[in-house]
Amino acid sequence: MAITEEYIRRHHKHESVKDNQCTSSLVKHIKAPLHRVWSLVRRFDQPQKYKPFVSGCNVQGHLEIGSVREVNVRSGLPATTSMERLELLDEEEHILGMRIVGGDHRLRNYSSVITLHPEIIDGRPGTLVIESFVVDVPEGNTKDETCYFVEALIKCNLKSLADVSERLAVQDRTESIVGV
């Protein structure tokens with residue numbers, strides 16, 4: 001647990017969180033190698049590969065820091081679109097940061113950072129995923145309500161990321177056995 005807290009201290013301390021904002025960090029252990037999980041997370045242009053509430057995404061121009069994507073949100077959530085800017089993409093350290101810059105939802109001044117770290121789970125290569133966020137508390141809501149809502153979305157995304165990554169990792173292992 002100490003190593004997780006060190007990663008959070010190093011990569012997930014959002015600067016100057018205001019009184020009208022909430023912040024949190026969530027942790028997920030995934031039974032798939034880091035390269036497999038990163039191959040999904042790093043695709044800022046294809047969040048629908050593992051985010052269940054995203055039905056599609058369109059990025060204008062090249063995928064680089066400052067790129068903006070328009071995300072189409074599945075029905076059932078209180079939104080239909082979100083405009084998001086890529087703030088950080090570190091291929092060496094496996095860090096992706098993004099900020100919401102528009103859309104028809106109540107998440108104002110939302111930014112998040114997701115980091116991936118190698119670990120061993122049950123004797124196999126695994127990945128420790130940490131995602132943190134900061135967001136304004138909408139008028140009429142409490143900090144607890146806002147954090148609970150955002151954490152629920154992130155937990156769904158991380159569970160889906162684990163499911164997809166672990167399924168692909170099993171396929172990778174099966175293909176390497178068959179190829180022998």
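Q: How many aromatic pairs does the structure hold?
A: One aromatic pair. Rings of Phe, Tyr and Trp (its six-membered ring) pair if their centres lie within 6.5 Å. This is a predicted model: local features need pLDDT of at least 70, side-chain atom pairs count only at pLDDT 80 or more, and totals for chains, interfaces and linings use all residues. Residues are numbered from 1 along each chain as its sequence is written, and side-chain values use heavy atoms, with hydrogens and water left out.

Q: Why is the pair of Tyr110 and Phe133 called stacked?
A: The ring centres of Tyr110 and Phe133 are 6.1 Å apart and the planes are at 10°, so the pair is stacked. Planes under 30 degrees apart count as stacked, over 60 as edge-to-face and the rest as tilted.

Q: Where do Tyr110 and Phe133 lie?
A: Tyr110 is in the loop between β5 and β6, and Phe133 is in strand β7 (residues 124-136), so the pair ties together parts 23 residues apart in sequence. Strands (E, at least two residues) and helices (H or I, at least four) are DSSP runs, numbered from the N terminus.

Q: Is Tyr110 buried or exposed?
A: Tyr110 is buried, at 7% relative accessibility. Phe133 is buried too, at 0%. Buried means under 20% relative accessible area, exposed over 50%, partly exposed in between (1.4 Å probe, protein chains only).

Q: Which residues are closest to the centre of the largest pocket?
A: Leu77, Ile100, Leu107, Phe149 and Leu153, out of 28 lining residues. α3 gives the largest share of that lining, seven residues.

Q: What classes make up the lining of the largest pocket?
A: 16 nonpolar, six polar and six charged residues. Ala, Val, Leu, Ile, Met, Phe, Trp, Tyr, Cys and Pro count as nonpolar, Asp, Glu, Lys and Arg as charged, and the others, Gly among them, as polar.

Q: How much space lies in the largest cavity?
A: About 110 Å³. Its lining includes Val41, Phe44 and Glu131.

Notes
1 Å grid on protein atoms, 1.4 Å probe; cavity = no way out; pocket = protein on both sides within 12 Å on 5 of 7 lines; lining within 4 Å. Points joined across faces, edges and corners; volume = space filled by probe spheres on them.
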